[in-house]
Amino acid sequence: MPQFASTSTPNRKLRRSLQFALFIASLLWFTLSEALAGRAARGLTNRFDIEDARPLLSGLFLIFLLLVGFTLLASMSRIGRVTLRSALGLPKRLTSGREWLLGAAIGWGIAVASVLPMALARALHVRFWTDHRAFGLLGWHVAALLFSTLALEVALRGFAFRRLIEAVGAGWATALMAILLGIAHGISPDSTGISILVTMIGSVLLSVAWLRTHGLWLPWGLHFAWSGSLALIFGLPVRGVSTFSSVVQTRAIGSAWLTGDDFGPEGALFTAVVVLVAIVILVKTTDDYAWDYTRPELVAAGYEVNPDSPAEHVAMERDAAARAPSLVQILPTTSEAISVDGYPPPPPRP
């Protein structure tokens, strides 16, 4: 036993160190890929004069670069069989559509719960743009948000988060991911203390969504519906950006704890409470998925054990055998001939 422990502990530490190194490498690759994707999309849209397609192209280029980089990282580290789906974190399963829709329902619920109090307080000032160009932009923006949210989930939960779990465990990985995203968001000049808090709680929500399903279907649907509902349906800023508002354009005027001012609902303290409630709802609605996809597989293991019989039992068997009477053969009362041929016929009567 001591020899087994001494040889396995260094290997375990080495594996954890490798996984943490992969986590850092994946974040660096994500940062580089985001910059490259943005430059490529800008150059292409300027060349062909299709500025409306820039967010969509940027998201598509980012997904491609992430796929290439993560596949190479996984192959070089030999962490398992690398496929397109495993690199993206989108496993093929019968419930993928239902998981995505469940995530979308929760994301829609977060958006509605965050905006409804503003409407009741008459803090929303809505303007509609019904020109044909507005509806064209709406189509571009739906596609752009669909793929940009997928790219973010692939980058953060699809590869990096899994490596961090292998390095430090699920609980610490969830906390560290939230802290890192909060720090990254805090660098933005438009960020506030409340927006950093909402970002961190939102990170925990999306991480729990992955932990409950071991796939990106649910967190992708949640992320898309949350951001898409705020921008496309309610016309509000998303993290201080109003780029995706086209047909509906809304300005919220009121208390910062409720509206988030120019940053949007994700900078409001009330939204932080809504997201905390959403975590509880998510856990309660994913029991079946957690049972099907996250419970540990039972693997037969152990040593074959054939214990010897107790000494007292062996002695009793020997004593019984010594005292047993000899076998006695019981001879038949009739001859074998009669047994085989039957009785002879009776003598003739005189």
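**Note on the packing around helix α4**

1. In this predicted model, residues Leu102, Ile106, Ile110, Ala113, Ser114 and Pro117 of helix α4 are in contact (heavy atoms within 4.5 Å) with Phe270, Thr271, Val274, Val275, Ala278, Leu282 and Thr285 of helix α10. By class, the residues of this contact are 10 nonpolar, three polar and no charged, where Ala, Val, Leu, Ile, Met, Phe, Trp, Tyr, Cys and Pro count as nonpolar, Asp, Glu, Lys and Arg as charged, and the others, Gly among them, as polar.

2. Helix α4 covers residues 96-120 and helix α10 residues 269-285, and the two pack at an angle of about 155° with their axes 10 Å apart. Because of that angle, α4 is roughly antiparallel to α10, a term used for angles over 145 degrees.

3. Helix α4 also packs with helix α8 (residues 217-233), here at an angle of about 35° and with the axes 6 Å apart. The contact of α4 with α8 has 17 nonpolar, five polar and one charged residues; on the α4 side Trp100 and Trp108 are among them, and on the α8 side Trp220 and Phe224 are included.

4. Threonine 149 lies in helix α5, residues 132-168, and counts as buried because its relative accessibility is 3%, the limit for buried being under 20% relative accessible area with a 1.4 Å probe and protein chains only. Apart from neighbours within four places in sequence, threonine 149 is in contact with Trp220, His223 and Phe224.

5. Residues are numbered from 1 along each chain as its sequence is written. Local features need pLDDT of at least 70 and side-chain atom pairs count only at pLDDT 80 or more, whereas totals for chains, interfaces and linings use all residues, and side-chain values use heavy atoms, without hydrogens and water.

Notes
Axes fitted to C-alpha atoms, helices over the stretch in contact; angles between N-to-C directions. Helix = DSSP H or I, 4+ residues; strand = E, 2+ residues; numbered from the N terminus. Parallel < 35°, antiparallel > 145°, perpendicular 65-115°, else oblique. Buried < 20%, exposed > 50% of the residue type's maximum accessible area, 1.4 Å probe, protein only.
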